[in-house]
Amino acid sequence: MFRVYSGTSGGSVRDVSPTRVAVVGTLNMDVVVTVDVRPGVGETVLGSSVRERCGGKGANQAIAAASAADAESSVALIGTVGDDSAGAAMLANARSTGVDVTYVGVEGDTSGRAFIEVDASGDNRIVVIPGANSLLSAGAVVTALDALDPHVVLTQLESPRAVTESVARWCTHHRRRFVLNPSPVAPLPEQVLAAADPLVVNEHEARAYAGIGTDIAGALLKYTASAVITLGARGVIVATPERTSSIAVIPAAEGVETTGAGDHFAGVLAIRLAEGEDLHNAATHAAHSATAFIADRHLG
């Protein structure tokens, strides 16, 4: 049975602020292993460190949005955790950053996990075990969206496919902005892509939808209302029917881990759109914020 988290003393941030952004997505406890060289098939290597941290694309994006929200805005997270210590820790972490977790359900015994290998160059390899995330239902999500009535809804593809489709339908019906970050990349119905405004993709994901060609942004606009393409150290491309712009970024230093930078970008983009910025300005702010996020984590 899906149980809605009731919060603790002090109430929910949603009691005093309108919900600007609702993020529908996953919460995972990340296990991050640092190695000099990632092992090949059948190979064993020694790691230099291991640590746990709260993650999941949904949680990461909600926390990023909350970090950039103004005092009059609220960010809510819709998802599912297991009835375990990891689930409790992830709820507490999200709540401590100002995220409304009223509609994070507790179902099943095991929360999601992500196992992340990071090598000396900063490259990573990730294995995700969905756990309770796979139990999030489209019905529960629609109930939460009806109650929250957010201005912008952001989601990804780590949740069950029916959830993504229900979010797209809800946003279309209620005329709310739908920000879609299709990661991990997968085929999507035409109506889901058409509802996205914008579609937020990295270069690999963009190619999966646009096909082979030099004008990736133009190809994406055949399927979606607008597109934002993140290119790592080469910056960001923002494409709307009116114009296409490029945003330069400061590349991360060699060896610096960039895991989560894309989630941070998407979360900040969503809250900036919800607070009234146009897509080009919102993406510029999100790009600079993601760069600072990487630098701060490295220094920390």
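Lys57 is buried, and Asp263 is buried too. Buried here means under 20% relative accessible area; exposed is over 50%, and partly exposed lies in between, with a 1.4 Å probe and protein chains only.

Before I go on, a word on the model. It is predicted, so local features need pLDDT of at least 70 and side-chain atom pairs count only at pLDDT 80 or more, while totals for chains, interfaces and linings use all residues. Residues are numbered from 1 along each chain as its sequence is written, and side-chain values use heavy atoms, with hydrogens and water left out.

Back to that pair. Lys57 and Asp263 form a salt bridge, with the closest N and O atoms 2.5 Å apart. A salt bridge means a side-chain nitrogen of Lys or Arg within 4 Å of a carboxyl oxygen of Asp or Glu. Lys57 sits in helix α1 (residues 57–68) and Asp263 in helix α8 (residues 261–274), so the pair ties together parts 206 residues apart in sequence. Helices (H or I, at least four residues) and strands (E, at least two) are DSSP runs, numbered from the N terminus.

How many salt bridges does a search of the whole structure find? Nine. I'll show two others.

Arg113 pairs with Asp84, the closest N and O atoms being 3.9 Å apart. Arg113 is in strand β8 (residues 112–118) and Asp84 in the loop between β5 (74–81) and α2 (85–96), so this bridge ties together parts 29 residues apart in sequence. Arg113 counts as partly exposed, at 25% relative accessibility. Asp84 is buried, at 19%.

Next, Asp149 and Arg176. Their closest N and O atoms are 2.9 Å apart, in a salt bridge. Asp149 is partly exposed at 35% relative accessible area, and Arg176 is partly exposed at 29%.

Now the cores. A nonpolar core is a set of buried Ala, Val, Leu, Ile, Met, Phe, Trp, Tyr and Cys residues joined through side-chain atoms within 4.5 Å. The largest one has 44 residues, and Val21, Leu77, Val228, Phe265 and Leu269 touch the most other members. Helix α8 gives this core its largest share, eight residues. A second, separate core has 38 residues, including Ala76, Val153, Ala168 and Ala195.

Look at Leu77. Contact means heavy atoms within 4.5 Å. Leaving aside neighbours within four places in sequence, Leu77 contacts residues including Val23, Leu27, Ala62, Val99, Asp100 and Tyr103.

What about empty space? Rolling a probe the size of a water molecule over the atoms shows where it is left. On a 1 Å grid over the protein atoms alone, a cavity is a set of points where a 1.4 Å probe fits but cannot get out; lining residues have an atom within 4 Å of a point. Points are joined across faces, edges and corners, and volume is the space filled by probe spheres set on them.

The count is one cavity of 30 Å³ or more. The largest cavity has a volume of about 40 Å³. Its lining is Leu27, Cys54, Gly55, Ala59, Ile63, Met90, Asn93 and Ala94. Elements giving two or more residues to that lining are β4 (47–55), α1 and α2. The largest share, three residues, comes from α2.

Last stop, His280, in helix α9 (residues 279–299). Is His280 buried or exposed? Buried, with a relative accessible area of 8%. Not counting residues up to four places away in sequence, His280 touches Val238, Thr240, Arg243, Ser245 and Ile247.

Methods
On a 1 Å grid over the protein atoms alone, a cavity is a set of points where a 1.4 Å probe fits but cannot get out, and a pocket is an open set with protein on both sides within 12 Å along at least five of seven lines; lining residues have an atom within 4 Å of a point.
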